[in-house]
Amino acid sequence: MDKRSMVYILVPLLVLSFVILSSPPSLGQEAGRVSDLQLLARAINGEARGEPYEGQVAVGAVILNRVKSPDFPNTIAGVIYQPGAFTAVADGQINVPIDPKSTVVKAAQDALNGWDPTYGCLYYWNPETATSKWIWSKKVVVKIGKHNFAK
Amino acid sequence: MDNNGITNNEEYQVIKERENKEKKMRKELRDSDARNRAKNFIIAILLATTIFGAYQLNRANTLRRQLDNSYNRAFHELVGYVQNVELMLMKARLASSSEMAAEVLHDVWREASSASSTLTQLPISLGVISNTKKFLTQVSDLSRVIARQSALGMEISEEQEKTLAELHKLSVSLENSLSEMHQDLISGSLKWENVAKEETKEMKEASENMPVTFSNVNSEFEKMPTLIYDGPFSEHMQNRKALGLTGEKVTENQAITNLHKFLGKDRVENVQKLSDNNNGIIDTYNFRVALNGNNKSSNIAEADVSVKGGHVIWFLHNREVGEKTIDVRKAMEIGAEFLKERGFENMKQSYYLNNDGIATINYAYHENGITYYPDLIKVKVALDNGDVVGFEANGYFMNHRDRNLEPPTLTEEEARQLVRKGENIKSSGLAVIPTNYGTELLCYEFKGKLEDRDFIVYINAYTGKEEQVLIIINSEEGILTM
């Protein structure tokens, strides 16, 4: 092999190794303490970004209702990161940074302040995309935006 | 000449031929060079993808292992906690003195609450673990209640004894199922990856040889007895009634009329019903309200009006808030006036939160010198123009009623003597506070400041027991009115 062909092999390899080394780890990037408000807002952002304001507050309220329920973990982080609980956690949407002025932060604040359009619901799902059969055994309390809410 | 000419011509031909040959050779050489280059490039790409793939596969395997390890750790801890719960519940039934019972039940509380928190870290679908989670939470909750009672020297009642025996039996069966599942996990017939997919695969009761999975474990608890006790997670807390919701059923049209009146006729452009909320506690009509104004996108509010009585339970108007023109004091007046005009008399502000140009003010019912904190209404006032942009009265409608309280047996001065940092007290009064157990307590309330932190101490007005110590967490945004 002559010099030139060596170059042809080495250059892509070099580029590739740079890509690998510089690609950021997908989790745990954030430094510092994430407050409950931030975490809740991010969860709402991941789960209900396109929903009406009331629907965003409702998703926040469901998370807080779970914290109070015996069937679920008793911290906000525990509820949000419970394996399999939220798709936004599974697909990493929860890590998407949010603007502190965005509506999801206000919705999270209202939920923390006690607004609960679901009156104690513990579950919600999008009837168009829900794959779990089990969730359909729940009686729908209210439909807000695209989500069904249930106790 | 001629000869020369011929020779020249021949020579010319030879040279030309040689040149042609050279050209051809050079071209071939060039072609093969290009081909070589292409070949090398393809080799490089293949090599690179292979290396990349191997690297990614290795990384994925490492992560998978790490994940499995942390699940295994959680599972082992869970088994340990459940074994301890079983053991301690047995001990509690054997304990002769209330001191011993208190100590043992304190351990049950701790172990069961660790177990329930560990359980939810496992990748098992929500529907499959809920009964087990509830069992563990209620065991921990109940044992805390009995432990506290034992610490005060009270005996375990016959009823409680029976419940403890029942719970012990259930904990034995949980322990057995978990150790079977443990066997399947260490033998490799059950993998965490599959556990996570359990529900979608409909593994439930598929065959006899099926590894033990959580759905079997969980089904044990479907027949769990309803526990009757005073704890935040007891059944009666989950089946509460709206005590403050008065009036007859109203129609949707009546509800719309009420909503118009509530928000102000000139403020509302139109009201559209979105859905019915059949939550069983306060059933409501859910409305979307278009408010008057130029900006269509930020003039949408949402509101609920109760079917019973046609009361507005809450409304929210989310909009951008401009330059601040009024202070919180003014906002509190606006909020109080807003409530008064809508028939909520005697509401007293207790606390407000100030963020993003909006003050969220808490008002509690106040009568004859007593503040009733369960009867809570929250009002959001935008500090740019003083609009009320939010209202929430769930607490009020759940709790407000005539209570007919006995007069306190302690005087305020006697209660004040019981507060440790008595010299820091800024204000005081009588207050009814909610407990975690769905009950209420009449207390003397002492508000004060310790090292810039606002605190409230509640002393029971009948017994002098210190019922609650509260500290305002975020004192930059949240302010206690004194």
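The model is predicted: local features need pLDDT of at least 70, side-chain atom pairs count only at pLDDT 80 or more, and totals for chains, interfaces and linings use all residues. Residues are numbered from 1 along each chain as its sequence is written, chains are lettered from A in the order in which they are written, and side-chain values use heavy atoms, with hydrogens and water left out.

**Aromatic rings in chain B**

- Rings of Phe, Tyr and Trp (its six-membered ring) pair if their centres lie within 6.5 Å; planes under 30 degrees apart are stacked, over 60 edge-to-face, and the rest tilted. Over all chains there are 15 aromatic pairs.
- Phe262(B) and Phe338(B) are an edge-to-face pair, because their ring centres are 5.5 Å apart and their planes meet at 85 degrees.
- Phe262(B) belongs to helix α8 (residues 252–263) of chain B and Phe338(B) to helix α9 (residues 328–341) of chain B, 76 residues apart. Helices (H or I, at least four residues) and strands (E, at least two) are DSSP runs, numbered from the N terminus.
- Phe262(B) is buried at 8% relative accessible area, and Phe338(B) is buried at 8%. Buried means under 20% relative accessible area, exposed over 50%, and partly exposed in between (1.4 Å probe, protein chains only).
- Phe338(B) also pairs with Phe391(B); this pair is tilted, with 6.3 Å between centres and 55 degrees between planes.
- Phe391(B) lies in strand β8 (residues 388–392) of chain B, so its pair with Phe338(B) ties together parts 53 residues apart in sequence. Phe391(B) is buried, at 0%.
- Ring pairs join Phe262(B), Phe338(B) and Phe391(B) into a cluster that also includes Phe315(B), Phe344(B), Tyr396(B) and Phe397(B).

**A charge over the rings**

- The charged end of Arg342(B) sits over the ring of Phe338(B), 3.7 Å from its centre. Arg342(B) also lies over the face of Phe262(B), 5.2 Å from the ring centre.
- The rule requires NZ of Lys or CZ of Arg within 6 Å of the ring centre and within 35 degrees of the ring normal.

**Contact between the chains**

- The contact (heavy atoms within 4.5 Å) takes 54 residues from chain B and 42 residues from chain A.
- Between chain B and chain A there is 1 salt bridge, defined as a side-chain nitrogen of Lys or Arg within 4 Å of a carboxyl oxygen of Asp or Glu.
- Lys380(B) forms a salt bridge with Asp110(A), with the closest N and O atoms 2.8 Å apart.
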